[in-house]
Amino acid sequence: MPATYPIWTDATMRSDWGAKPRRSRSVKNVDAIEVEAATYRGCEPFAGIFELVAPEKDPRTFQNKLCAEVYCAWHGVKPFTSYPHIHLLGKYKILRGYTGKVIDNLA
């Protein structure tokens, strides 16, 4: 079960070039994605492991980019309509039944 995040407010940054993974959480037996290079909302590319929201659908093309929706906060909050769709820039690997640490916040 993913973490519960506060809802996006007007004070939440819309984009942040300097954002990077800032927090992790432990998961057990989840479908995850390991990315070599990904970005979200204008930040520099990052690498790491994220818990997938819809492993049966992702990765997929979203807004003309190869993306994956992941359980993760942006500056500590959840976007209004969905979880972040990280833009996959490089190689990635789907991890079925993953147990370990996943990125939980980009800020």
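Select Tyr5 and Tyr83 to begin: both residues are buried in this predicted model. Now show their rings. The ring centres of Tyr5 and Tyr83 are 6.3 Å apart and the planes stand at 70°, so this pair counts as edge-to-face, the cut-off for that class being over 60 degrees.

Next, colour the chain by secondary structure and find where the two tyrosines sit. Tyr5 belongs to the segment before β1 (21-39), while Tyr83 is in the loop between β5 (73-74) and β6; the pair therefore ties together parts that are 78 residues apart in sequence.

Ring pairs join Tyr5, Tyr71 and Tyr83 into a cluster.

How many aromatic pairs does the structure hold? There are four. For another of them, move to Phe46 and Phe50, where the pair is tilted, with 5.7 Å from centre to centre and 55° between the planes. Phe46 and Phe50 are both buried.

The last stop is the largest pocket, which has a volume of about 350 Å³. Select Tyr40, Arg41, Phe62, Gln63 and His85: of the 16 lining residues, these are the closest to the pocket's centre. Which elements give two or more residues to the lining? They are β4 (65-69) and β6 (85-88). To finish, colour the lining of this pocket by residue class; it divides into seven nonpolar, seven polar and two charged residues.

Definitions and conventions
Residues are numbered from 1 along each chain as its sequence is written. This is a predicted model: local features need pLDDT of at least 70, side-chain atom pairs count only at pLDDT 80 or more; totals for chains, interfaces and linings use all residues. Side-chain values use heavy atoms; hydrogens and water are left out. On a 1 Å grid over the protein atoms alone, a cavity is a set of points where a 1.4 Å probe fits but cannot get out, and a pocket is an open set with protein on both sides within 12 Å along at least five of seven lines; lining residues have an atom within 4 Å of a point. Grid points are joined across faces, edges and corners, and a volume is the space filled by probe spheres set on the points. Helices (H or I, at least four residues) and strands (E, at least two) are DSSP runs, numbered from the N terminus. Ala, Val, Leu, Ile, Met, Phe, Trp, Tyr, Cys and Pro count as nonpolar, Asp, Glu, Lys and Arg as charged, and the others, Gly among them, as polar. Rings of Phe, Tyr and Trp (its six-membered ring) pair if their centres lie within 6.5 Å; planes under 30 degrees apart count as stacked, over 60 as edge-to-face and the rest as tilted. Buried means under 20% relative accessible area, exposed over 50%, partly exposed in between (1.4 Å probe, protein chains only).
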